[in-house]
Amino acid sequence: MEWDELDLETVTPRQVRQYLRDKYVIVASNRGPVEFRRDPDGSIRPYRGAGGVVTAMSTALTATEAVWISAARTREDALVAGGATGRRLHMPPERPQYWVRFVVPDREDFHQYYNVISNSLLWPLQHYLFDITRRPSIDETVYEAWKNGYRRVNRLFAEEIIREIRSTDKKPLIFLQDYHLFLCAAYIRRREPDVLIHHFTHCPWVQPDYLRFLPQPMRRELLQGMLANDVLGFHTHHYVNNFLQCCREAEAVRASVDLKRRTVRLGERETLVRHYPISIDHEALEKTAGRPDVLHHRERLRSLAGDRKLLVRVDRVEPSKNILRGLQAYELFLRQNPQWRERVIFANLLYPSRLDLPLYRDLKREIEELSHSINREFGTLEWDPVYLEIEDNYPRSVAALREFDVLLVNPVIDGMNLVSKEGAVLNVRDGVIILSVGAGAYHELRGSVLPVNPLDVAETARTIRNALELGERKRKAMAKAAREAVRANTSFKWFVQQMRALRYVERLREEARRRPEDFPALPSYERLT
């Protein structure tokens with residue numbers, strides 16, 4: 001059976017391995033599946049990388065002998081890498097399934113690429129989170145960071161990928177991840193013009209008017225970099241349309257857009273633009289939930305809550321997650337519903353994020369201050385209405401998603417949001433999920449969750465009460481529907497869809513070689529710029 005004919009509902013890792021027997025999968029992302037840290041005893045140990053990209057891709061790669069290239073983020077990462085790129089590590093240590101290698105940028109280059117451009121310019125841009133009256137101010141410092149940081153590190157990734165391409169006789173399949181690597185495909189394409197490249201954007205894609213806040217030279221370079229890929233993937237059809245409209249209205253790029261076929265032609269190269277909603281490996285998640293460390297945290301949470309209802313949030317401390325409005329809504333809920341005081345506890349189990357940036361340090365401080373303020377106003381000797389922890393603790397998160405009565409997921413905007421999907425699969429108490437309409441996951445889970453406008457604190461407060469007071473039959477029905485919606489999609493299927501898209505491009509190229517008179521000539525990348 002041809003790969004293209006495989007049923008996405010029944011395809012197995014064995015079939016994928018069969019297809020990939022003559023392929024070489026290369027994944028590149030800023031954050032990788034493993035991060036090395038030094039323990040108190042001085043030993044260096046690997047820890048699971050955080051974030052949705054790692055969650056999804058780690059599962060997808062279990063069917064491959066891939067290599068995953070990421071940036072060294074800690075001193076220990078750089079030490080393990082040997083102080084430079086080139087050393088491979090077989091991961092995960094307990095059951096090796098794929099290779100990991102690090103790129104080790106110059107410290108200042110990485111700061112400019114990661115802090116100044118990726119996280120202070122591109123990330124807020126893609127989440128509609130510019131504070132238009134104050135920031136960003138795009139001055140010469142930002143232009144320098146683009147030139148000497150963002151470009152350099154993207155080129156460093158490209159060089160490492162090219163090294164991998166040239167180390168094998170197999171056909172390489174390149175999978176680039178997210179906004180950190182928007183330029184990478186262009187650098188690869190210049191030296192390996194025929195390689196198959198797929199880029200997946202894990203954050204939202206904005207509408208043309210908002211993208212115009214990016215200076216035209218950067219906007220042009222960014223779009224050209226993305227259109228050097230064969231396939232572009234986004235979470236939702238809405239983001240696909242936004243990207244196509246951005247290309248259609250970008251005069252400096254001069255791309256030809258086919259909205260019906262969802263393609264963009266730049267010069268003589270055509271890029272497919274597709275949507276694949278990312279998901280989770282629910283079977284692996286269930287196994288994790290049975291681990292002793294998870295069971296320990298479940299007992300701890302239940303002891304903390306006692307007979308009270310457990311309202312939970314699991315998030316990184318970052319602006320798009322809307323943590324402050326979640327606390328404000330809970331504060332309003334307690335003020336308006338005194339009958340619920342001492343009958344509920346709100347466990348905010350958070351991960352620190354980007355604490356080298358002032359904006360994130362300030363946000364962490366505000367969350368701590370508001371939590372303490374709520375506890376001072378409403379708390380008693382026996383009850384703190386808010387329980388707050390900010391630390392890297394994956395078993396704790398899994399335990400909380402197992403035990404919640406209500407899960408609050410109210411991001412301002414999210415590319416997808418896997419916490420809502422993990423909660424739907426893990427929970428054993430017919431818990432109710434409150435989900436922002438700004439999350440990509442809402443498109444899949446609508447009808448099985450309680451929706452909220454993320455900016456509407458009053459509505460969120462009312463929805464918290466509705467969730468806590470929802471009847472048992474309705475809770476069971478919604479929990480079942482959410483669980484089934486998530487199980488109908490997996491991160492493995494998400495990855496297979498991307499491989500099928502690349503296979504489609506591969507077949508078009510084969511046809512072009514056989515019948516060149518019927519196909520446009522394949523371009524060299526230089527002609528695009």
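Predicted model: local features only at pLDDT ≥ 70, side-chain atom pairs only at ≥ 80, totals over all residues.
Let's start with helix α17, residues 457–469. At 1.5 Å a residue, its 13 residues should span 18 Å, and the end C-alpha atoms sit 19 Å apart, which agrees. Which of its residues are buried? Those are V457, T460, A461, T463, I464, A467 and L468. They cover an arc of only 165° around the axis, which puts them on the same side of α17.

Now for helix α14, residues 394–403. Here 9 of the 10 residues are buried, so α14 is largely enclosed by the rest of the structure. The buried set runs P395, R396, S397, V398, A399, A400, L401, R402 and E403. This helix has an N-terminal cap too: a side-chain oxygen of N393 lies 3.0 Å from the backbone nitrogen of R396.

On to the strands. In a regular strand, side chains alternate between the two faces of the sheet. Strand β9, residues 231–234, is covered on both faces: V231 and G233 are buried on one side, L232 and F234 on the other. What does β9 pair with? Strand β8, residues 196–200, pairs with β9 in the parallel sense over 3 bridges, and F200 has G233 as its bridge partner. Strand β12, residues 269–275, also pairs with β9 in the parallel sense, over 4 bridges, with L232 standing opposite V273.

Keep F200 in mind as we turn to the rings. The structure holds 18 aromatic pairs. In one of them, the ring centres of F182 and W205 are 5.8 Å apart with the planes at 70°, so the pair is edge-to-face. F182 is in the loop between β7 and α6, while W205 is in the loop between β8 and α7, 23 residues apart. Both F182 and W205 are buried.

Here F200 comes back: F200 and W494 form an edge-to-face pair, 5.0 Å centre to centre and 85° between the planes. With F200 in strand β8 and W494 in helix α19, the pair ties together parts that are 294 residues apart in sequence. Both of these residues, F200 and W494, are buried.

There is also a cluster, in which ring pairs link F110, Y113, Y114, W146 and Y150.

Last, two arginines over rings. The charged end of R155 sits over the ring of Y187, 4.7 Å from its centre, and R354 lies over the face of W123, 5.4 Å from the ring centre.

How values were computed
Residues numbered from 1 in each chain as written. Heavy atoms only, no water. Helix = DSSP H or I, 4+ residues; strand = E, 2+ residues; numbered from the N terminus. Expected span 1.5 Å × (residues − 1). Buried < 20%, exposed > 50% of the residue type's maximum accessible area, 1.4 Å probe, protein only. Arc of directions from axis to C-beta. Polar contact = N/O pair within 3.5 Å; in protein donor to acceptor, adjacent residues only side chain to side chain. Pairing = 2+ DSSP bridges. Phe/Tyr/Trp six-rings, centres within 6.5 Å; stacked < 30°, edge-to-face > 60°. Lys NZ or Arg CZ within 6 Å of the ring centre and 35° of its normal.
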